[in-house]
Amino acid sequence: MPVEFISLAFANASTEIKPIPDGPAVDVDYLKRYARNLDDYGFDYTLQPYDSGGADPWTMGTTIAAVTSNLKVIIALRPNTMYPTVAAKALATLDQLSKGRAVVHFIAGGSDQEQAREGDFLNKEQRYGRLEEYIKILRQAWQSAEPFDWEGKYYTFKNFSNRVRPFNGTTIPISVGGSSDEAYRVGGSLADIFGLWGEPLKETKEQITKIYAEAEKAGRVDRPRIWVTFRPIIAETEELAWAKAHRTLEALTTSRAAGQLPKNPPNAGAPQNVGSQRLLEIAKKGEVQDRALWYPTVTATGARGASTAMVGTAQTIVESLLDYVDLGCELISIRGYDNLNDAIDYGRYVLPAVREALAQRGVQAKQNGNHVVPVLD
């Protein structure tokens, strides 16, 4: 499948480097403008994230689907917030309304404190067990023509019948993210897509190998598509890009110290999720890694959320992203710190260049009578 690009569509103009604490939680005109720009500039997906106090991703996603033509909407879903039969209908309905543009990204839950805010007190192992059951229920609800019963460890119901099928009649893409053994097992065995945060090439390769091993262990004949996430900081020259990066870092540090980043209060303590822990450990190995990965943004935000920056000219960013494509990453998520303006810059200077480079590779491979296949060993 072709390499595709993901971004976020934000509910308002507030950013991590320029917070607007008194602004509207949802600015519908801004949201529509943002989504249309992503659509116009060739992004393939937009993720609608979830946190206990944020805007509802379902209504946000429906609004985005209504004002765009091609953009696929990824709904972030925590299993504790919606019963699986309800989610099956809701996702299929969104998929029908958008003519096949719905995707679901599961968050098992990386923070006991955050989960408890909405009444979820399962431990990490239990949360992944629940997620595994949840995904199996969704798949059966979308594919079963007859009513069915379910009796599992976390869910029990009788005679459920779903009359709302996905747009393609069979399924909706399911994504799982994480960096723990539990995440690799559940995502590798069941997911269509597996999401990773921005780690260096060596560590990313190691994670992909583990995910593929779990897929093979589960008897799959296919493997999850790999999604990797970065926060590019670009400018016309390398010098300008690094100057911009340091201004961004200063603004992030100021915002966090002032308690203006909702997920990152100054007294939040060490993160519980393995993905954040890994990023913080990687950050200790050096500020700059591989071509352009920059980790002070990870440290400044406590690695809560996607926080690995890439710094350089558009060409440097393109070459860095192609390195990950060569590892087998087919879904590239890029979002910046000046949210809308950065998305437009990526649409102008990064996405077309990556696609052109891959097209040239395809032409060359065809001329040589070869196929370009990513190698993981």
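User: How do strand 5 and strand 6 pair, and over how many bridges?

Analyst: Two strands pair if DSSP finds at least two bridges between them, and strands themselves (E, at least two residues) are, like helices (H or I, at least four), DSSP runs numbered from the N terminus. In this predicted model, strand 5 (residues 148-151) and strand 6 (residues 156-160) pair in the antiparallel sense over three bridges. E151 has T156 in strand 6 as its bridge partner, and the two strands form a hairpin with four residues between them.

User: Which residues of strand 5 lie on the covered face, and which on the uncovered one?

Analyst: F148 and W150 make up the covered face of strand 5, whereas D149 and E151 make up the uncovered one.

User: Before we go on, what should I know about the model and its numbering?

Analyst: This is a predicted model, in which local features need pLDDT of at least 70 and side-chain atom pairs count only at pLDDT 80 or more, while totals for chains, interfaces and linings use all residues. Residues are numbered from 1 along each chain as its sequence is written, and side-chain values use heavy atoms, with hydrogens and water left out.

User: At what angle do helix 5 and helix 6 pack?

Analyst: Axes are lines fitted to C-alpha atoms, for helices over the stretch in contact, and angles run from 0 to 180 degrees between N-to-C directions. Helix 5 (residues 124-143) and helix 6 (residues 181-190) pack at an angle of about 10°, with their axes 10 Å apart. Helix 5 is therefore roughly parallel to helix 6, a term for angles under 35 degrees. By class, their contact has six nonpolar, no polar and six charged residues. Contact means heavy atoms within 4.5 Å, and among the residues that meet are Y128, L131 and R139 in helix 5 and V186 and L190 in helix 6.

User: Is C329 buried or exposed?

Analyst: Buried means under 20% relative accessible area, exposed over 50%, and partly exposed in between (1.4 Å probe, protein chains only). C329 lies in strand 13 (residues 329-334) and counts as buried because its relative accessibility is 1%. Leaving aside residues up to four places away in sequence, C329 touches V3, T204, I208, I226, V228 and Y324.

User: Which side chain forms a polar contact with that of T316?

Analyst: A polar contact is a pair of N or O atoms within 3.5 Å; within protein, one must be able to donate a hydrogen and the other to accept it, and residues adjacent in sequence count only if both atoms are side-chain atoms. T316, found in helix 11 (residues 314-327), is joined to the side chain of E238 by such a contact of 2.5 Å. T316 counts as buried at 15% relative accessibility.

Methods:
Angles under 35 degrees count as roughly parallel, over 145 as roughly antiparallel, 65 to 115 as roughly perpendicular and the rest as oblique. Ala, Val, Leu, Ile, Met, Phe, Trp, Tyr, Cys and Pro count as nonpolar, Asp, Glu, Lys and Arg as charged, and the others, Gly among them, as polar.
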